[in-house]
Amino acid sequence: MKLLQAILGLTRLTPDVPHPQQPHLSLDHPASIQFNAWLCAFNTGEKEIITAYHSDLTFPLSVWQAPPGTDALESELQHAEALGGFDVVKIESMDDPSFVVVVATERNDNLQYARFNMSVDVSSPSYPATKFHFNQIVTPLEFILKEDPRRPEYENALKPLTAERRRAVVDGFLTVLEEEFINPSVGVEIKAALEARLANGTYDSIEDNSDFADRLTDDLSGHSRNMFVAFLEPRLELDASDAGPAPQEQLEKFHRMNYGFGNISFDNESVPGRTIATLPINFFLPVVESYGAQYVETRAAVGDIMSSVADADALIIDLRHSLGGVLSTVAFVESYLLEAPRRTLVRVHRNNTVADSYGTLPITGLPAGSKRFGLTKPLFLLTSNNTWRESEQLAYSLQAFNRAQAIIGEGNEATIGMAETVTTAHFVAEETFGKEWWFVGVPTLRPIHSLTGSNWEGVGVKSDHVAGKGHNSAPKQFCEIDSMNTETIQETPLLHEAAAFIGNGYLVITLVEIITPLFRKLPYARDWRWLDLLDRHDNWFRPRLANEKYGDVYMLVGLNGAFLRAANAELIGQIVQRKTDFMKPVEGYKVVDIFGRSIISLEGSEYRRHRRIVAPSFSEKSNKLVFEESLRQAESMMGLWSRQGKNTEKDMRVANTAIDAAILSLHVICAAGFGVPQVWPGESEDKLHGTIVPGFNTAQLSGGHTLPFKESLGFLMKNILWLLALPKWFLERSPFQVHKDVYRAFNETNRYFNELLELKKKQLYLGESDKGTMDLMAPMIKASGEAPSDFDTKIKANASLSKSEIIGNSFIFLFAGHETSANSIHFSIILLAINLASQVRLQADIDKIVGDKPTSDLSYYNDMPRLYNSMVGAVMNEELRLMPVILNVPKVTTGDQVVTVDGREFPVANGTYIQLNIVGTHRNPLYWPHSPSSKTGKSHDLDEFVPERWLTSNTQDEKTQPVEKEDDASVGEASYDSGSLFQPVKHSFIAFSEGARGCPGRRFAQVEITAVLTAIFQKYTVELEVSQWASDEEVARMSLSEKKALYQKAADRADTVLKRCEQRTITLQMLPDDTVPVRFVKRGEERFAGLMG
């Protein structure tokens, strides 16, 4: 950043102060003689004179402190032009004839002070310079007149440091560190180290401010190379004329720097008949318009430079003296070397929200006439300890994508390792020193590479080979020039495959799933990748395989339209927020409108009308009811398990938890949502406390019903596709019994809903409200023509729901509301049985929060927030990340649209069918904490159940706030959701969808799942059933290693069953004949306790 500011002409200004008469350098002092000779030449600013001075080698140009990779003479001339020369104002040291220290001021209007150090060789008659160094310093106090109004400020700031003043600096730094540092855990270590040094007197002898700043920065570099502490005098007010160089001046300066590139060379001799280009990059200057109109010309110049090496047979990029620069320019350069367009990097804040993203550009996004070097020709990199920051990003990216054949380190095994970014410098200790004397910087952004999910901070970019200093021929021995060939890249943005046809809705989905295996049998169709890409299960059975090949966003184009699938949080955010540009393809959801239109199958104003009516039911007050009912139902479910077969309260075998989880969730929505409590088999109907609706929650039928409500609803939901495929009149008259049974279930369920509607209307007429329930039907009745004739005429005048819509919505709440929660509970139990160590952590958190309190004593307001922000919430979220309710969220464009991906705009045509790829996004290493997988050998473990990834250092902090008791928040809001669990990048966790179409029952489901998991695992441990391989007696005699091998068999089988789940009808479910038997045992009596550590 400092170098970039210097290049752009940004300087700090000092007060206009007078100086005493210029001191004279001794003509009898060797070092002074040489310094005076240099100063005379430098102050002329003339290239010929400065060149002549250096030509006799009394001051070799190699001694000049030129920035790495830049021409020394050119650097010196630029300094002479910018600074206008120097006037000596003080000689600090001439004690040693070979060494002189001088203080001088710039001759330009800035009046900046600098300290010079020169050493010479006194053994030679010409006293040649051997060392030369100068650096900016604060205006010495002696050069500020006593009557100057700013002198008191300088006197205070330049006082010798005391313990109190050093403490003020350190405290100011630590405040910034704790509030902004990207790595809070490392920040704790840094604080402890600085406190220890202050306490043991490490800094006691340092009295100079600049020395203290340098020492602190050196000490911090052991923790983070990007941190700094600096002492500089305050910045003066800038006039408009002092705002920096004009655009044309900047362009001229950039031109003199060759736009950040060194001299390009072409070697035609090392490999006969082949050309090897060497491209030195010293700095990545800005090439995007946001930096100003003048940078458009810079962009074109950099494009010309990159195009100039496009025809070479091999390319060597020399980064040995590259100090970084602008990340967008790195992406611009990568566009000539990597697949495009594709995302390469994002930077995130400490809370893991994305700050910005970078990616390669298609050929249409590059300057006109650009030519790419391409994807396959040999490419080598030269690096060194002077390869910094953004230059490391280029090396890291080319290495990660396997684009570089080799990285050759010049005497180093890795680059410097500076990845994290300081975005703002903060002034500190102003109460002690005055305004703007001390300023500090800590990294606030962390880069995350799209492929590795990591970066090069602290480790650098590893060299494949190490060569001697100055060695530039190392890559040539690795070039396999004979195997070089050119390649052609299709440059169409986002287009990677062509398809025969595109479509949406369940008919097309079903068609694809039917024809794909048939086509696979045809020899000429086996390579039709588009068939797999159209399959909604492609990203489930082959997670991120397509993303690794095509990127996080890819498109198929067919004869009748286009299809786009996105696993990119940036794009997903645009799609869900632009609710009128990207709509839900509701025609695909007509299958569930068997009783009437509902909130799930509507869009636009119709959807908003329905949502506005039902939203008040989903409040925090309602969630309290859900919490309490879920705990009651969990206790009843465990009671049922204990009564089945040979089970006892201490040992319960359950063949298929999916069945009982579905019943539990149905009971919760019936009781909490509709005021019709339910009982389990074997329970007395006395538990209904008089709230009896015959057939709806009793075994006794009435009104001509032939099936109980739960039986008719359950059969209907399992066979709902028949209602889509065939008309009802045919089902009723069909010769097939299954069709008759479906029609019967439909008719019975419809009658039950109508009876429930009449019951709720009666309650409204009598003024009886279900205060103990969410009463989902009441607001719909009030907003319809179904309200009693004398009921609130104002509401009736605005009636907006029909009777069929009320019943349609009621069915959806029961259908979606119980199936989604049930799946999550069922899968969580199985995943915890497979991963016993995570189960132990879950139980430990439950014990810490609720202890052995009866579930009837648990409080939604006090216990729910802490449970959600513990391992309980982590398990729920990880299950939803790994096994979402649905695999994709469908959308369709309305009109031609433009979206932005990685800083580039792309058109999306009207009618494009879009899938928000939940699986691909949930397993994208770009967005999620991950570690290398010990199971698969992948660089990440995102295909595995690791709930611990959701835990942060603040998880289960005692400061977690309770839910506000009076909070009647609208749909999906609650105060505990922003607690201490890991907060994913916005729009990267879409288990409940997002935006205007986000699931209204999200909080309902989260509360239910949290409560049920708490109730079960407070008392029990779940283990996989192993009886098909060994009896209880055989298990008891096994050694720990034998038990481990046995349990692994069961775990492998369970994992296989989970991985072959399919999205059946609506949600992700096990195949019909698949089950994972489990066994619940009282805690403390586990059979496989030795495997749980």
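Let's start with a helix pair: the axes of α31 (residues 871-882) and α33 (residues 1002-1019) come within 10 Å and cross at roughly 120°. Axes here are lines fitted to C-alpha atoms, for helices over the stretch in contact, with angles from 0 to 180 degrees between N-to-C directions. α31 and α33 are therefore oblique to each other, oblique being whatever is left after under 35 degrees (roughly parallel), over 145 (roughly antiparallel) and 65 to 115 (roughly perpendicular).

This is a predicted model, so local features need pLDDT of at least 70 and side-chain atom pairs pLDDT 80 or more, while totals for chains, interfaces and linings use all residues. Residues are numbered from 1 along each chain as its sequence is written, and side-chain values use heavy atoms, with hydrogens and water left out.

On the α31 side, Val872, Val875 and Met876 meet Gln1006, Ile1009, Thr1010, Leu1013 and Thr1014 of α33, where contact means heavy atoms within 4.5 Å.

Now for a sheet. Three strands line up as β5-β14-β13, open and antiparallel; strands are DSSP E runs of at least two residues, helices H or I runs of at least four, numbered from the N terminus, and two strands pair if DSSP finds at least two bridges between them. The edges are β5 (228-231) and β13 (425-428). β13 is joined to β14 (residues 438-441) by 4 bridges, and Val428 has Trp438 as its bridge partner.

| Helix | Strands involved | Angle |
|---|---|---|
| α6 (residues 163-180) | touches β5, β13 and β14 | about 140° with β13 |
| α8 (residues 209-221) | lies across β5 and β14 | about 175° to β5 |
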